[in-house]
Amino acid sequence: MTLLEQLLADDTLFEGWERVRKNQGMAGSDGQTIEHFGRNLFSRLLDLKEHVRRKSYQPQPLLEFHITKPSGGQRRLAVPAVRDRVLQSAACIILTPILEREFQEQSFAYRVGRSVPMAVARVAWYRDQGYQWVVDADIQSFFDNIDHKLLIGMLRANLGGDHSLLPLIELWLAAVANPGRGQPYLLTKGVPQGGLCKALHKPPYA
């Protein structure tokens, strides 16, 4: 089975839905809530699957808004519609085991089975080995400035010869953002902070 066929398998789509349901979250730009999507669930999942297979699937515009960061300033969030989050979650289920192989052992962020306490424990272990210096660094507006072509190129290289999921990922990257106030616009760089599976966008050396 191709990666796309694995994504569209009934059990994968249902698990994708379960993850979205448990995570809750708000409705997207189409106004459809998780509760509403859950009504006639299997009919909705079948419809979603057929649209992808017929290549007629198009993501709904992202619902964009801003929140205040604890450190000050604003963080831009862009929330996909529930239907799109279900597909993205299913893609995450398929891709995570493949991409996990590319991460460094010391990488903890956005990884299944890893947590902040585990990262702190690793730092404490290095301290106990005699290391005395810590470098704290951050890439300013990293997620807002990811190069789409570079990201797709890295995915293409890591997925071997099966690129069947790349058209879907390209659709999600080049999404239309609806800011509520102002005109909708096409994303030409960056990835939405509000979508799923940030691990797909995190560099393997992080």
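**View 1. The buried residues of helix H8.** In helix H8 (residues 166-173), the buried residues are Leu166, Leu168, Ile169, Trp172 and Leu173. They all sit on the same side of H8, because they cover an arc of only 160 degrees around the axis. That arc is taken from the directions running from the helix axis to the C-beta atoms. "Buried" here means under 20% relative accessible area, "exposed" means over 50%, and "partly exposed" is in between (1.4 Å probe, protein chains only). Helices are DSSP runs of H or I with at least four residues, numbered from the N terminus. Among the elements covering the buried residues of H8 are helix H1 (3-8), helix H4 (41-53), helix H5 (82-100) and helix H7 (148-158). A quick word on the model: it is predicted, so local features need pLDDT of at least 70 and side-chain atom pairs count only at pLDDT 80 or more, while totals for chains, interfaces and linings use all residues. Residues are numbered from 1 along each chain as its sequence is written, and side-chain values use heavy atoms, with hydrogens and water left out.

**View 2. Helix H2 and its packing partners.** Helix H2 (residues 10-23) has 14 residues and spans 20 Å from its first C-alpha to its last, close to the 20 Å expected at 1.5 Å a residue. The expected span is 1.5 Å times one less than the number of residues. Thr12, Leu13, Gly16, Trp17, Glu18 and Val20 are the buried ones in H2. They pack against H1, helix H3 (34-38), H4 and H5; contact means heavy atoms within 4.5 Å.

**View 3. Ala90, seen from helix H5.** Ala90 lies in helix H5 and counts as buried, at 0% relative accessibility. Leaving aside neighbours within four places in sequence, Ala90 touches Leu7, Thr12, Leu13 and Gly16. Thr12, Leu13 and Gly16 also turn up among the buried residues of H2. Ala90 and Glu15 are 75 residues apart in sequence, yet their C-alpha atoms are 7.0 Å apart in space.

View 4. Just after H2 comes Gln24, with a positive phi of about 60 degrees. Gln24 belongs to the loop between H2 and H3 and is partly exposed, at 44% relative accessibility. Asn40, in the loop between H3 and H4, has a phi near 55 degrees, again a positive value in a residue other than glycine. With a relative accessible area of 59%, Asn40 is exposed.

**View 5. The loop between H6 and H7.** Ser141 lies in the loop between helix H6 (116-128) and H7, and is partly exposed at 39% relative accessible area. Its C-alpha is 9.9 Å from that of Arg76, 65 residues away in sequence. Asp138 is found in the loop between H6 and H7 too, and counts as exposed at 74% relative accessibility. From Asp138 to Val116, 22 residues apart along the chain, the C-alpha separation is 16 Å.

**View 6. The second largest pocket.** This pocket has a volume of about 410 Å³. Its lining has 14 residues, of which Val123, Tyr126, Trp133, Val134 and Val135 lie nearest the centre. By class, the lining has nine nonpolar, two polar and three charged residues. Nonpolar covers Ala, Val, Leu, Ile, Met, Phe, Trp, Tyr, Cys and Pro, charged covers Asp, Glu, Lys and Arg, and the others, Gly among them, are polar. On a 1 Å grid over the protein atoms alone, a pocket is an open set of points where a 1.4 Å probe fits, with protein on both sides within 12 Å along at least five of seven lines; lining residues have an atom within 4 Å of a point. Grid points are joined across faces, edges and corners, and the volume is the space filled by probe spheres set on the points.

Terms used:
Helices (H or I, at least four residues) and strands (E, at least two) are DSSP runs, numbered from the N terminus.
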